[in-house]
Amino acid sequence: MSQPKPLVEFAGTGRFLPDRVVTNDDMARIVDTNDEWIRTRTGIRERRLSDDDTTAAMMGAEAGRKALENAGIGPEDVGTLIVSTATPDRWLPSTACDAQALLGCSNAMAFDVSAACSGWLYGLSMAEGYLTAGRARYALVIAAEKMSAIVDWSDRTTCVLFGDGAGAAVLRRAEGDRGIVSAFHRSDGHLAELLYRPGGGASVPMDEGVLARRDHLLKMSGREIFKNAVRSMAEAASNALEGAGISGDEIDLMIPHQANIRIVEATAKYANIPMEKVYVNVDRYGNMSSSSIPVALDEALEEGRIQPGMRVLTATFGAGLTWGAMVWQF
Ligand code: COA
């Protein structure tokens, strides 16, 4: 089977990371943990945390501004602005509308996508649909995550895992063979309670009980999530490769979601991709939810790890449960 022709391609990418570096030793001053445990179980050495005044929309707009610059277009050229976030600044309106106002994307429709760590890849597929239908010439797909605002800083099993940051890409209709070659997305709502925030939404509104139980913060069944992550990312990667008509050994670089180095290694093994061909930044940033992949993509391009002609496999997994994978041709 020959490789399908992409419908859309990347025109530019960008990222924003807060300046504040928080090491594992710093975390050990907050909860009962240590550098050795965090490094060996997760591969994380440090993460970036934003200050109280920095919102997800601000981080997303900064990443978006860089992606627009990199694409050589202005904010008014964007017709669709999608923000993936698990940490919306407010319940209403969307973080995308706040980012739109900051960016000046005055000709765009703007909305959020809620698919946790998988949200940016979901957003790319949505943008592909809008662009292909002729609804927009350029789509800006941002991931913006302020995980520090939703983790329970008294729970050592979760707070050590996450970090803040944002990534973005501008997409346009493909003119040649470069772009999104294949995509696979799935979700399973039956397993929602493996990773969720039980209270504070419309079904269990915020009250003193929610606050006392800390039910407005992230709860996770770590081992179950781990098993599902490996299984689902392997399934998604295999489907995306099949959709592209290629095998793992034809991939030049893999950019997996950066939740845990052991999940990354297991996924790469299933996809038959050696670790030398896997982009890793979980050591520097921890799990930035849906921002992990676009930040890694922007870094890999900047570092020259992605060159014209290369094929990249990306795979993700997150709360929902949600998962997915894509093959990109550069
Ligand atoms: N520091 C020190 N000890 C810790 C700790 C920490 N930060 N967090 C947990 N522990 C302890 C536990 O209390 C437990 O102690 P016990 O045996 O005395 O009860 C022990 O370490 C083992 O805990 P366990 O949860 O079994 O560890 P694990 O090997 O499963 O690793 C995770 C835990 C969270 C690192 C792992 O399950 C994981 O990565 N899960 C997926 C998380 C994820 O990726 N989520 C986002 C998906 S997008």
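A disulfide is a pair of cysteine sulfur atoms within 2.5 Å. The model shown in these close-up views is predicted, so that local features need pLDDT of at least 70 and side-chain atom pairs count only at pLDDT 80 or more, while totals for chains, interfaces and linings use all residues. Residues are numbered from 1 along each chain as its sequence is written, and side-chain values use heavy atoms, with hydrogens and water left out.

View 1. A search of the whole structure finds zero disulfides. With a relative accessible area of 29%, cysteine 97 is partly exposed, whereas cysteine 117, at 10%, counts as buried (buried means under 20% relative accessible area, exposed over 50%, and partly exposed in between, with a 1.4 Å probe and protein chains only).

**View 2. The surroundings of serine 148.** Serine 148 sits in the loop between strand S6 (138–146) and helix H6 (156–159), where helices (H or I, at least four residues) and strands (E, at least two) are DSSP runs numbered from the N terminus. Serine 148 counts as buried at 15% relative accessibility, and its side chain is joined to that of aspartate 164 by a polar contact of 2.7 Å. A polar contact is a pair of N or O atoms within 3.5 Å; within protein, one must be able to donate a hydrogen and the other to accept it, and residues adjacent in sequence count only if both atoms are side-chain atoms.

View 3. The structure holds 17 salt bridges, each a side-chain nitrogen of Lys or Arg within 4 Å of a carboxyl oxygen of Asp or Glu. Aspartate 177 counts as exposed at 52% relative accessibility, and lysine 5 counts as exposed at 58%. Glutamate 9 counts as buried, at 3% relative accessibility.

Technical notes:
Contact = heavy atoms within 4.5 Å. Lists of a residue's contacts leave out its neighbours within four places in sequence.
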